[in-house]
Amino acid sequence: MNIVHGHKQFDLINADVTNHCNARCFFCFNDWEEFKPFNMDIPTFQNLLRLLPMMESKDFLISCWFEPTINPQFYDMLDLLPEEYRSKMYFTTNLVTKIADSDIERMCRANVDHINISLETYDPADYEVITGMKHTHFFENLERIAEYGRKYHTDFHVITMLTKRNAAYFRELVKRVHEELAPSVHEIRTPFFFVEQTASKPELVQELLTKDEIKAVREDVDSLGYTHLYWDTRFTKENFEKLEKNPEPHRKASNRVHYQLRVNADGTARISNQKYGKQFDINDPDIIGQLEKELILLQEREAADYLVKEEGLTVQTRRSDAPFHFDNVVLYDDRFLFIRGWTMNEADPAHEKDSERIAVLECGGRRIISQMRTEQRKDIVEFFGNPDMRDVGFTTLFDLEGMQEEPFKLFSGYLYEEDHRAEILHQLYDSTSGESGWPAEPAAPAEHTSAADEKAVQEKDGGKPSGLLNRLKRVVKRR
Ligand SMILES: C[S@@+](CC[C@H](N)C(=O)[O-])C[C@H]1O[C@@H](n2cnc3c(N)ncnc32)[C@H](O)[C@@H]1O
Ligand code: SF4
């Protein structure tokens, strides 16, 4: 097991340089009643850029929910982007407003990872119905951005909403986008909906497609043989009708919290995870310290959410041959041990419904039991070519606060809620040997590591104490 040592950072920073838009697309998830138009100013944008080192390796959305080109300083902001982060940034635009040649050039020259262009149709009459725009510069902007894109090798992604309005000519639309813009990704979405909000928009409800209609469009488009298409067509007319009747369907246990920082145009910010929300101001001189502190607090709460109460639990051991694979093991902030991996579902079929996968950490006579939350793993399902495989991915999290510097063992198994019994099937990791899997000898896992084992390890490691954190740190690759 390779443990990486890191500080918790944001998986994604999602900002907007305005809180408004110049179009009114019938599918838009924004609620325009809520906002008074406001543009971010340059000093606030500079403060936003100070947060970049707090971002995990990937995503910084300069503009996401609203329309950046209505902020007259947007192009100056692009010029300010630090060179080393440009490849992690992107923004989305509707290209509705009149944009000077020099500004289109600045967008393409910005050398960000990609520019998302929203493009629903090439038909001017449909364009007017979809976006609510009688007069638009969209089509001429599109031509010019394609031209500058070729000059600066800009990577375009196109987002197209598939609705009744454009379904009849969708194949031609995708073909034309490919020929004229050559996007590296063309994302095709059916509009996400929020039941109450959508129900109050009959113009959107009547545009939703059925599952079969979507399937027919997809088959037609797939015959083009393109490999750059990404379909997100989960939202169907049937889903909407079902949810309208029953707005609160049963939800499965949620995945790991996504540590996303949402920054509004006025500089207010929130860490948007599912449960906890505190407002920050990115213009506060101490914002980085505040956010770092909050990330620790959130991890603490998240680990507490993973924790399984142990009272009255019977723990049994049974060996299993099914392998466990770890894709990602990180010790965050010297305290939170996070594991992501996958394995086959092996719960006792008779109890499958009321069982929960668990991970058990034994250390110094203390035992911590955490849930292993299910994570969808398309990659694994595709690799095995078996669509029936389900629930193979998992994540788990331990808070090691107060843990002694002692050897530890990590196990996994199932918790059967019916009889409050935990069945341990796998040994995941033994810090005294540094190995995964059950040890060859003895056949059954020892309850605790003996003093002799510990001494042997100390000798192997040159006599250094082999405590928990020391052990973890030794196998760490600093990033
Ligand atoms: C909210 S917009 C903001 C950016 C910009 N104003 C634009 O539309 O290009 C971001 C992206 O979300 C898409 N979008 C809007 N409403 C949506 C919905 N209900 N479901 C899925 N995507 C939606 C838009 O088409 C656009 O590509
Ligand atoms: S252009 Fe974007 S933000 Fe504006 S209304 Fe359309 S989808 Fe919404």
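A residue is near a molecule or strand if its C-beta atom, placed from the backbone, lies within 6 Å of it. With that in hand, here is who sits around ligand 2: Cys21, Ala23, Arg24, Cys25, Cys28, Asn30, Phe66, Glu67, Asn94 and Ser118.

What you're looking at is a predicted model, so to speak of a local feature takes pLDDT of at least 70 and to count a side-chain atom pair takes pLDDT 80 or more, while totals for chains, interfaces and linings use all residues. Residues are numbered from 1 along each chain as its sequence is written, and chains are lettered from A and ligands numbered from 1 in the order in which they are written.

**The overall picture**

- The protein has 15 helices and 21 strands; these are DSSP runs numbered from the N terminus, with helices (H or I) of at least four residues and strands (E) of at least two.
- Of its 479 residues, 32% are buried. Buried here is 20 or more other C-beta atoms within 10 Å of a residue's own, exposed is 12 or fewer, and partly exposed is in between, with C-beta atoms placed from the backbone.
- Take the contacts with a separation of 6 or more: 74% of them are between residues 24 or more positions apart. A contact is a pair of residues whose C-beta atoms, placed from the backbone, lie within 7 Å.

**The two ligand shells**

- Around ligand 1 there are 16 residues, and the closest are Glu67, Asn94, Ser118, Ile159 and Phe192.
- Strand E4 (89–93) and strand E6 (156–161) are the elements that give two or more residues to this shell.
- Sorted by class, the ligand 1 shell has ten nonpolar, four polar and two charged residues. Nonpolar covers Ala, Val, Leu, Ile, Met, Phe, Trp, Tyr, Cys and Pro, charged covers Asp, Glu, Lys and Arg, and the others, Gly among them, are polar.
- For ligand 2, the shell splits into five nonpolar, three polar and two charged residues.

**Nonpolar cores**

- The largest nonpolar core holds 55 residues, and Ile13, Val17, Leu61, Ile62, Ile115 and Val263 have the most contacts inside it. Such a core is a set of buried Ala, Val, Leu, Ile, Met, Phe, Trp, Tyr and Cys residues joined through C-beta atoms within 7 Å.
- Helix H7 (residues 170–181) supplies the largest share of this core, four residues.
- Apart from this core lies another, of 32 residues, including Val330, Ala359, Met372 and Leu410.
- Leaving out residues up to four places away in sequence, Val17 touches Asn39, Met40, Phe45, Ile62, Ser63, Pro68, Asn71, Phe74, Met77 and Ala265.

**Helix H3 and its surroundings**

- Ile104, Met107 and Cys108 are the buried residues in helix H3 (residues 101–109).
- Looking down the axis of H3, its buried residues fall within an arc of 95°, so they line one face of the helix; the arc is that of the directions from the helix axis to the C-beta atoms.
- Helix H2 (74–80), strand E5 (114–118) and helix H5 (138–152) are among what covers those buried residues of H3.
- Asp103 also belongs to H3, and it counts as partly exposed because it has 18 C-beta neighbours inside 10 Å.
- Asp103 and Phe74 are 29 residues apart along the chain, with their C-alpha atoms separated by 9.3 Å.

**Strands side by side**

- E5 and E6 run parallel, joined by four bridges, and Ile115 stands opposite Phe156 in E6. Strands pair if DSSP finds at least two bridges between them.
- E6 and E7 also run parallel, with five bridges; His186 in E7 is the bridge partner of Val158, and Thr160 stands opposite Ile188 in E7.
- E7 and strand E8 (residues 229–232) pair in the parallel sense over four bridges, with Asp232 in E8 as the bridge partner of Arg189.
- Strand E7 (residues 185–189) has His186 and Ile188 on its covered face, and Val185, Glu187 and Arg189 on the uncovered one.

**Positive phi values**

- Most residues other than glycine have a negative phi.
- Leu95, not a glycine, has a positive phi of about 55°. Leu95 lies in the loop between E4 and H3 and is buried, with 23 other C-beta atoms within 10 Å.
- His153 has a positive phi near 55°. His153 is in the loop between H5 and E6 and is exposed, with 8 other C-beta atoms within 10 Å.
- Just after H3, Asn111 takes a positive phi of about 60°.

Technical notes: Two residues are in contact if their C-beta atoms, placed from the backbone, lie within 7 Å.
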